[in-house]
Amino acid sequence: MTPEAEGLRGLLFLHGRTTRAVALVERGSRLAPRLRLPARVAPGELFDVIVVGGGPAGLSAALYAARFALKVLVISEEVGGTLNNAGVIDDYIGIQDVPGPELAKRFESHIAKYGVPVLVDRVVRVERVGEHFEISSRGSGTFRAQSVIIAVGSLRRKLGVPGEDRLMGRGVSYCAPCDAPMFKGKEVAVVGGGNAALQGALLVASYASKVYLVHRRDSFRAFPVYVDLVRKNPKIELLLNSVVAEIGGTDRVEWIRVRNVLTNEEREVGVSGVVIEVGAEPPVEFLKSVGLELDEHGYVLARPGQKTNVEGVFAAGDCTGGPYKKKFDQVVTAVAEGAVAAYSAYEYLMSKRGAEAQVAR
Ligand SMILES: Cc1cc2nc3c(=O)[nH]c(=O)nc-3n(C[C@H](O)[C@H](O)[C@H](O)COP(=O)(O)OP(=O)(O)OC[C@H]3O[C@@H](n4cnc5c(N)ncnc54)[C@H](O)[C@@H]3O)c2cc1C
């Protein structure tokens, strides 16, 4: 079967029942007019899968779910997720130097080809009611699903200092692996004292001419091996008991103001970049209602196959953690986990339907 015929088969199944409409993003008609269907869903409607979160993980999960001919709905506060703030992406294999928002548009167009409806709204509650899950949104009512894929990402913590927002993407970075190559031959500050910050400092130092590692304490919360490597690296200067009080520059980062928290002394340090690695917070508070197990850092504990402790609920992307996860939050890993989550949801639904058919016999 050609991909288009396959897509159409999915669409016929997907949009068999539509009644009262809610606000939805209209997408993709330019790219695939033949495959476009009205983006309408009705509160209370039952889906095979509802994907919560429309970043790379959620959109990839939706694509695969649609290709498995599942009736799928994406509910997300923002389509494209963190990609919309990610600057230029040059580590997604096969697509070079693509601005994050453009890659987001490509993902969005791809699921539009399969007619997947995307509801722009915030999910405030997920709970199991009998055989199904009820997914309540802030403004568009409650939807029902046989399975749920959680892909809500995580919010990188900011420093909250003057200049940070203005210079974000202009030298201010929240992702060392994403941006390290940009700092070739430059002087850069890395902020933080955990594994991500120390790994980040080491990585940035392999490109930069000098790295200032700014940390508010005098000891690190990182694996000893990283501490040792950082201390021995001649390109890394430690600014301990210190915080960044301001980030400055006309159009790009040119300097930071560093304050010693013990003496309150301040000094200006000339840098072309500031890589902020001070942790992240997955927005998973609303999932308590469905009883999802979280890891010690507050991430959804994802098991092999992107399964969670709740049967029928799967999780993918930056919001996941736990002992089975290699934490490397990138577009490519989020997309891969989204695909696996969709496949697991498909297998779950097939085995459920198989069991129901046997009982009916
Ligand atoms: C500044 C920056 C630069 C980066 N650069 C790169 C790079 O160069 N290369 C790379 O590979 N990676 C990069 N990354 C990392 C990459 O963007 C993430 O790993 C990736 O976007 C994770 O995808 P995700 O789908 O898991 O989460 P997100 O992209 O964060 O998407 C989550 C989505 O869920 C939605 N959501 C959250 N809560 C709810 C709710 N309750 N109801 C409904 N919707 C909800 C959000 O609005 C969002 O749309 C960068 C990250 C940052 C911050």
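Which residue of β16 does I256 stand opposite? Hi everyone, that is my way in today. The residue is V269: I256 stands opposite V269 in β16. Before going on, a word about what we are looking at. This is a predicted model, where local features need pLDDT of at least 70 and side-chain atom pairs count only at pLDDT 80 or more, while totals for chains, interfaces and linings use all residues. Residues are numbered from 1 along each chain, as its sequence is written.

Helices (H or I, at least four residues) and strands (E, at least two) are DSSP runs, numbered from the N terminus. Two strands pair if DSSP finds at least two bridges between them. In general, strands of a sheet pair through backbone hydrogen bonds, either parallel or antiparallel.

So, back to our opening pair. β16 belongs to an open sheet of 3 strands, ordered β14-β15-β16 with antiparallel pairing. β14 (242-248) and β16 (266-270) stand at the edges with a single partner strand each, so one side of each has no neighbour in the sheet. On average, neighbouring strands here are turned by 30 degrees against each other, direction ignored. Let me take the two pairings in turn. β14 and β15 run antiparallel and are joined by 6 bridges, and S242 has N260 in β15 as its bridge partner. These two strands form a hairpin with 6 residues between them, and G249 in the turn has a positive phi of about 155 degrees. Next, strand β15 (residues 255-260) pairs with β16 in the antiparallel sense over 5 bridges. Besides the pair I opened with, V258 stands opposite R267 in β16. The hairpin of β15 and β16 has 5 residues between the strands, and N264 there takes a positive phi near 65 degrees.

There is another hairpin to point out. Strand β6 (residues 123-129) and strand β7 (residues 132-137) pair in the antiparallel sense over 6 bridges, with V123 opposite S137 in β7. Between β6 and β7 lie 2 residues, and G130 in the turn has a positive phi of about 65 degrees.

Now for some parallel pairing. An open sheet of 5 strands runs in the order β10-β17-β11-β12-β13, with parallel pairing. Its edge strands are β10 (172-173) and β13 (236-239), and each pairs on one side only. Inside this sheet, strand β11 (residues 187-191) and strand β17 (residues 273-276) run parallel, joined by 4 bridges. Helix α5 packs on the sheet, touching β11, β12 (210-214), β13 and β17, and its direction makes about 170 degrees with that of β11. Contact here means that the C-beta atoms of two residues, placed from the backbone, lie within 7 Å. As for the angles, they run from 0 to 180 degrees between N-to-C directions, and axes are lines fitted to C-alpha atoms, for helices over the stretch in contact.

α5 also has a helical neighbour. The axes of α5 (residues 195-205) and α6 (residues 224-232) come within 10 Å and cross at roughly 35 degrees. On the α5 side we find N195, L198, Q199, A201 and L202, which meet Y226, V227, L229 and V230 in α6. That contact divides into 7 nonpolar, 2 polar and no charged residues. For those classes, Ala, Val, Leu, Ile, Met, Phe, Trp, Tyr, Cys and Pro count as nonpolar, Asp, Glu, Lys and Arg as charged, and the others, Gly among them, as polar.

Let me finish at the ligand. Of the 38 residues around the ligand, G53, G55, G81, G153 and G317 come nearest, where near means a C-beta atom, placed from the backbone, within 6 Å. Elements giving two or more residues to this shell are β1 (46-54), α2 (56-67), β2 (72-79) and α7 (331-360). The largest share, 4 residues, comes from β2. By class, the shell divides into 19 nonpolar, 12 polar and 7 charged residues.
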